[in-house]
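Here is a brief report on one structure. Have the sequence and the 3D view open as you read.

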Amino acid sequence: QGFMLRLKSGYTDGTVGVGVDALGLAGIKLDSGGGTGGTGTLVRSARTGKSADNHGFVGFTAKAKVSETVLTVGTHEPVLPIAFRNDTRMLPQTFQGGQIQSKDIENLTLTAGQFQKVRLRDSTDYENMVMAADGATGGVRSNKFNYGGASYQFIPGLTGTYYYAELKDNYSQHHANLQFLTDLTEDFKFKTDLRYFKSSDKGNTNVDNRLASGMFSLGYAGHWLGLGYQDSSGKTGTPYLGGGTDPWTMNTLTYQPFLRAKEDSWQVRYDYNFAQIGVPGLNLMARYASGDNFKIGGKSAKEWERDIDLGYTIQSGPLKDVSLLVRNVMYRGSHTTDVDENRVIVNYTFKF
């Protein structure tokens, strides 16, 4: 059972407004033994493998605002394409550092910052960051992740984004993204999501990767059907911050990100909102991804994953806003492992 308490203050009056945010996290073990720990959910003993009965974390973020420019220092939960915090377990991952973001220019968002430490989903302590990349060597722990980027809305529905990031002594990365949403007719909508990453070595690593992907989706009366393709080239897989951080790539699914060196993968996805037939709050997501053209242990390999999410949020009454998500995951790899998972997640948010 997890508890998350978020406090977001306003700003003081004056040209420079200041404030402070706070994040409190608590995890409580209901049932777990030495053979069931290590899922990224609970703190566990490195010696015995057993999960702790409970654990907690408190983080603070100081902030200052001038016009529409905000400086934050302390605990961050970034959702950036080059650093996307993970919250697919009980408690979210956090980073320690500073960031400045400006929205003073209409339709333009500028962001820059540096993270020095990371706290993993199943930890109470901050530590130096590491790199994750298939086939990469020479990576070292680092206390500097620098980044900067811009996002601009050209016209309603069309947004372009560019970011540059560097994990000191590990890798540098360029990212570009173009998203477009338009109405084809009164009933049909069309959505395009194009993403590109170019990553190079820093320090003594051998990082070398280009990742290009595109997802095209058609929407009609609560239905969305999407088809995507992702192509990886270079000597290694796409690098990202290790330890549970989500790579913001097209085929990052529930279990597998499909980011092996030279891997090509495609995905088909279907979403449906049951409000169209009179059941608001009920949503379905089903997707299938398959990857090949990569090697494991010098042998050609392939893999696939199928995810199904069925979620319902209660719309009224004393349990209003309580949500239930039932998730099924199936993964198969020719030279990896077989995974079958069923997850049930109950979530409730209360605004004081």
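Phe258 is buried, because its relative accessible area is 0%, and buried means under 20%. This is a predicted model. Phe258 sits in the loop between S16 and S17. Its backbone stands out too: phi of Phe258 is near 55°, a positive value in a residue that is not glycine.

Beyond four places in sequence, Ser290 touches Phe258, Asp264, Ser265, Trp266, Glu303 and Trp304. Ser290 has a relative accessible area of 19%, so it counts as buried; the limit is under 20%.

Asp321 is placed in the loop between strand S19 (299–313) and S20. Is Asp321 buried or partly exposed? Asp321 counts as partly exposed, because its relative accessibility is 40%.

## Aromatic pairs

The structure holds twelve aromatic pairs. One of them joins Phe115 and Phe145. This pair is stacked, with 6.5 Å from centre to centre and 10° between the planes. It links distant parts of the chain: Phe115 is in strand S8 (residues 108–119) and Phe145 is in strand S10 (residues 145–155), 30 residues apart. Both Phe115 and Phe145 are buried.

Tyr255 and Tyr331 form another aromatic pair, this one tilted. Their ring centres are 5.0 Å apart, with 45° between the planes. Here too the pair links distant parts of the chain, 76 residues apart. Tyr255 belongs to the loop between S16 and strand S17 (264–273), while Tyr331 belongs to strand S20 (residues 323–333). Tyr255 counts as partly exposed, because its relative accessibility is 34%.

Two lysines lie over aromatic faces. Lys63 is over the face of Tyr11, at 4.8 Å from the ring centre. Lys191 is over the face of Trp224, at 4.6 Å from the ring centre.

## Strands S7 and S10

Ile100 lies in strand S7, and Gly148 in strand S10. In sequence they are 48 residues apart; in space, their C-alpha atoms are 9.4 Å apart. Thr111 connects the two contact lists. Beyond four places in sequence, Gly148 is in contact with Thr111, Ala112, Tyr162, Tyr163 and Tyr164. Ile100, by the same rule, is in contact with Thr69, Val70, Leu71, Leu110, Thr111 and Ala112.

Ile100 and Thr111 are eleven residues apart in sequence, with 5.9 Å between their C-alpha atoms. Ile100 counts as partly exposed, because its relative accessibility is 40%.

## The cavity

How many cavities of 30 Å³ or more does the structure hold? It holds one. The largest cavity contains about 100 Å³ of space. Its lining has 16 residues, and the closest to its centre are Pro81, Ile82, Tyr240, Pro247 and Trp248.

Strand S6 (83–84) and strand S16 (240–241) are the elements that give two or more residues to this lining. By class, the lining of the largest cavity has eleven nonpolar, four polar and one charged residues.

## The second largest pocket

About 700 Å³ of space lies in the second largest pocket. It is lined by 24 residues. Lys8, Asp21, Thr72, His76 and Gln99 lie nearest its centre.

Several strands supply at least two lining residues each, among them strand S1 (2–8), strand S2 (17–28) and strand S3 (54–66).

Key:
Residues are numbered from 1 along each chain as its sequence is written. This is a predicted model: local features need pLDDT of at least 70, side-chain atom pairs count only at pLDDT 80 or more; totals for chains, interfaces and linings use all residues. Side-chain values use heavy atoms; hydrogens and water are left out. On a 1 Å grid over the protein atoms alone, a cavity is a set of points where a 1.4 Å probe fits but cannot get out, and a pocket is an open set with protein on both sides within 12 Å along at least five of seven lines; lining residues have an atom within 4 Å of a point. Grid points are joined across faces, edges and corners, and a volume is the space filled by probe spheres set on the points. Helices (H or I, at least four residues) and strands (E, at least two) are DSSP runs, numbered from the N terminus. Ala, Val, Leu, Ile, Met, Phe, Trp, Tyr, Cys and Pro count as nonpolar, Asp, Glu, Lys and Arg as charged, and the others, Gly among them, as polar. Buried means under 20% relative accessible area, exposed over 50%, partly exposed in between (1.4 Å probe, protein chains only). Contact means heavy atoms within 4.5 Å. Rings of Phe, Tyr and Trp (its six-membered ring) pair if their centres lie within 6.5 Å; planes under 30 degrees apart count as stacked, over 60 as edge-to-face and the rest as tilted. A charge sits over a ring if NZ of Lys or CZ of Arg is within 6 Å of the ring centre and within 35 degrees of the ring normal.
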